[in-house]
Amino acid sequence: MKEDNVVRLFVFPQCGRAYSEHPALSRADNETLICPDCGTREALDSIGVKPDEQEQILAAIHRRRQG
């Protein structure tokens with residue numbers, strides 16, 4: 001039996017980011033699926049991390065995933 005490698009891309013309308021990872025669950029309503037980066041931003045925001053630091057953390061996460 002042949003196995004197909006299918007990659008699904010999703011686009012989150014709030015940020016416009018295309019992603020293929022599992023979505024995150026929004027902390028806002030515990031129902032809405034959001035992109036992984038927005039989920040990370042929500043989590044960091046909930047503990048008081050400032051937006052500029054959030055972007056630095058996300059950049060570090062992306063570098064780690066690539067290498």
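Contact here means heavy atoms within 4.5 Å. The model is a predicted one, in which local features need pLDDT of at least 70 and side-chain atom pairs count only at pLDDT 80 or more, while totals for chains, interfaces and linings use all residues. Residues are numbered from 1 along each chain as its sequence is written, and side-chain values use heavy atoms, with hydrogens and water left out.

As for the overall layout, the chain has two helices and four strands, with helices (H or I, at least four residues) and strands (E, at least two) taken as DSSP runs numbered from the N terminus. Along the sequence the order is β-β-β-β-α-α. The chain is more spread out than a compact globule, because its radius of gyration is 14 Å, well over the 11 Å that the globule rule gives for 67 residues. That radius is taken over C-alpha atoms, and the globule rule is 2.2 Å times the number of residues to the power 0.38. Along the principal axes, the C-alpha atoms fill a box of roughly 50 × 30 × 20 Å.

Now for the surface. The accessible surface of the chain is about 5500 Å², and carbon and sulfur atoms hold 50% of that. Areas come from the Shrake-Rupley method with a 1.4 Å probe, and for residues only the protein chains shown count as cover. Buried residues make up 22% of the 67 in the chain, where buried means under 20% relative accessible area, exposed over 50%, and partly exposed in between (1.4 Å probe, protein chains only). On the charge side, there are 9 positive and 11 negative side chains, and the centres of the two sets lie 6 Å apart. Lys and Arg count as positive and Asp and Glu as negative, with His and the chain ends not counted; each charge is placed at NZ of Lys, CZ of Arg, CG of Asp or CD of Glu.

Helix H1 spans residues 36-46. Its buried residues are Pro 36, Asp 37, Cys 38, Gly 39 and Leu 44, and they pack against strand E2 (18-19), E3, E4 and helix H2 (51-66). Beyond its neighbours within four places in sequence, Asp 37 is in contact with Arg 17, Leu 58 and His 62. The side chains of Asp 37 and His 62 make a polar contact at 3.0 Å. A polar contact is a pair of N or O atoms within 3.5 Å; within protein, one must be able to donate a hydrogen and the other to accept it, and residues adjacent in sequence count only if both atoms are side-chain atoms. Thr 40, also in H1, is partly exposed at 24% relative accessibility. With residues up to four places away set aside, Thr 40 touches Leu 58 and Ile 61. After H1 comes Gly 48, with a positive phi near 85 degrees.

Over in helix H2 sits Gln 54, which counts as buried at 5% relative accessibility. Its touching partners, not counting residues up to four places away, are Arg 41, Leu 44, Asp 45 and Val 49.

The loop between E3 and E4 holds Ser 26, which is buried at a relative accessible area of 5%. Apart from residues up to four places away, Ser 26 touches Glu 31, Thr 32, Ile 34 and Glu 42. Its side chain makes a polar contact of 3.1 Å with the side chain of Glu 42, and also reaches the backbone nitrogen of Ala 28 at 3.0 Å. Asn 30 is in the loop between strand E3 (24-25) and strand E4 (33-34), but is exposed, with a relative accessible area of 56%. Most residues other than glycine have a negative phi. Asn 30, though, has a positive phi, near 55 degrees.

Finally, Cys 35 lies in the loop between E4 and H1 and is buried, with a relative accessible area of 0%. Leaving out neighbours within four places in sequence, Cys 35 is in contact with Phe 12, Cys 15, Arg 17, Tyr 19 and Ala 24. Cys 35 and Phe 10 are 25 residues apart in sequence, yet their C-alpha atoms are 8.2 Å apart in space.
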